[in-house]
Amino acid sequence: MEAQTYESMEKKQVQSKTITGAEAVMESLLNEGVKLMFGYPGGAIMPVYDALYSYTDRLKHVLVRHEQGAVHAAQGFARVTGKVGVALVTSGPAATNAVTGIADAMIDSTPIVVISGQVGSHLLGTDAFQETDVIGITQPITKWNYQITRPEEIPWAMSRAFFIARSGRPGPVLLDITKDAQFGKLDYTYQKMTSIRSYTPLPIPDLSKIDEASHLINLSKKPLALIGQGVVLAGAEQELLAFLEKAGIPAAWTILGLSAMPTDHPLNVGMLGMHGNYGPNIKTNEADLILGIGMRFDDRVTGNVQRYATKAKVIHMEIDPAEINKIIHADVPILGNVKETLPLLTEKVSNNEHPEWIEEFNACMRIETERVIEKELFPETPLLTMGEVVRRVSEATDDDAIMVTDVGQHQMVATRYFKFKKTRSVVTSGGLGTMGFGLPAAIGAKMGMPDRHVCLIVGDGGYQMTIQELGTIFQEKVGVKIILLNNNFLGMVRQWQELFFDYRYASTEMVNPDFQTIAKGYYIPCAKVTERDNLDDAIKTMLETDGPYLLEVVVEKEGNVFPMVPSGAAVDEIRLE
């Protein structure tokens, strides 16, 4: 039925009809298959909202409580569904409120289209009420942005926006539409864009590089694959497993690549980076081959680049040419979509196993388990740890939930101790590290995947940055399960102050409100846990409660996240305590 509806809609649009620019926005969204968007109305976007009034049977609009929340919600939706998220805001402060989410989407390659209203074209450049140069502001943080000043530009710009947002390496696009363009009339037709001259979203793989890479892989004794979000964005999870299993290569993941392969897969050796697992970090500098697959060698993964992968040849499989040799030199760069290039490589590599090499990772995990993990999951003190809460929530969902996080200590703990069976099960702010991301992103994730548990792991700091989105949860009855890990600190900054600033806790201790009272004010069921014996029952009640729920867990106030690679250190200088 869905496909027929869209096909008949497209056929219907072959002949033009005269409508307003605002109506053209609605029709274009429908032609792109949009059914859900997030936004906040205002003067300069009011004609579009007026048009929306007649489309509510086909387009659902979610009223957020802040424009940043609209963009983060669109991101959460996009990350779990693979579709383009849509946010709708007005001009001036609304557009600037959206900037944080747009920047976050850019660095994390999240496909969204943000539509902002703008003052009338005759007022542009006059410092009119609620006018800002949103095009100038967002140019560095979008794949493409464009200001529409005439109604007849709308179908072309909308089609181009969605094509750019979703194609190649995905990312955000912003369309800024003047008020007169929204009111004006046009003869509307719509044609989905499939190509743009000078824009090559999918590089053609160089088969000679495939041959070079397979030769290195077949000769390698200690290969290590690094899995990034590019695998998930490409939908190449099965192609990845086929390659790894044939070549027998252990694989570690970035936090955005976390659910690309099941947590319990025998070749999954853990998380890379500053708070990643012990084995993948120290073995990076023992490997003779590093194979980066859909990842960008971020500084949190590499540590000191001068002392990174010192014994290894590097193969880099990447869709974006700008990432090749940007941080780590690639001996063999393979440009292309990994869904296409991985099978080409799989065909060329030999069947192989590396049992002794993999056992070295297992030995590292035994050390980490004894010195870090056991203490985190089974503490001897009466104080609850973040890790044990995260693990118990994961186990209570049969490791089948979508995990959303905010940013901070709890984020690193969540990525370490939550487990996954399915892809597209992690929504977190990676490159920008945006506090306040979690709550609105969880709304978008749950509305995108209503039949799955969506568990938000959030700290008391980031939670309060967008706490107003509890109003959105209440109004829309979004069944997000919020696990608030409350330590009355800005925990990650406090950890650095403890370790590197001689315990000088400057402006990191928080005097928090009564989170239970706030939740009740939004009619959201809630509970607070301070004792270990009550934790499992509280989690069970949370998961069995229909609709949203806040579970506040008081955790140790000065707990630290280990392992940790200190800033400026090499990855093999990782600290276990």
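Colleague: How much space lies in the largest cavity?
Modeller: A cavity is a set of points on a 1 Å grid over the protein atoms alone where a 1.4 Å probe fits but cannot get out. Volume is the space filled by probe spheres set on the points, which are joined across faces, edges and corners. Here, the largest cavity holds about 80 Å³ of space. This is a predicted model, where local features need pLDDT of at least 70, side-chain atom pairs count only at pLDDT 80 or more, and totals for chains, interfaces and linings use all residues. Residues are numbered from 1 along each chain as its sequence is written, and side-chain values use heavy atoms, leaving out hydrogens and water.

Colleague: Which residues line the largest cavity?
Modeller: Lining residues have an atom within 4 Å of a point. Among them here are Arg-79, Gln-229, Leu-256 and Arg-424. Helix H11 gives the most, three residues; helices are DSSP runs (H or I, at least four residues), numbered from the N terminus.

Colleague: What about the second largest pocket, and what is its volume?
Modeller: A pocket is an open set with protein on both sides within 12 Å along at least five of seven lines. This one has a volume of about 540 Å³. Of its 24 lining residues, those closest to the centre are Thr-263, Asn-268, Gly-270, Met-365 and Lys-419. Helix H16 supplies the largest share of the lining, five residues.

Methods
Helix = DSSP H or I, 4+ residues; strand = E, 2+ residues; numbered from the N terminus.
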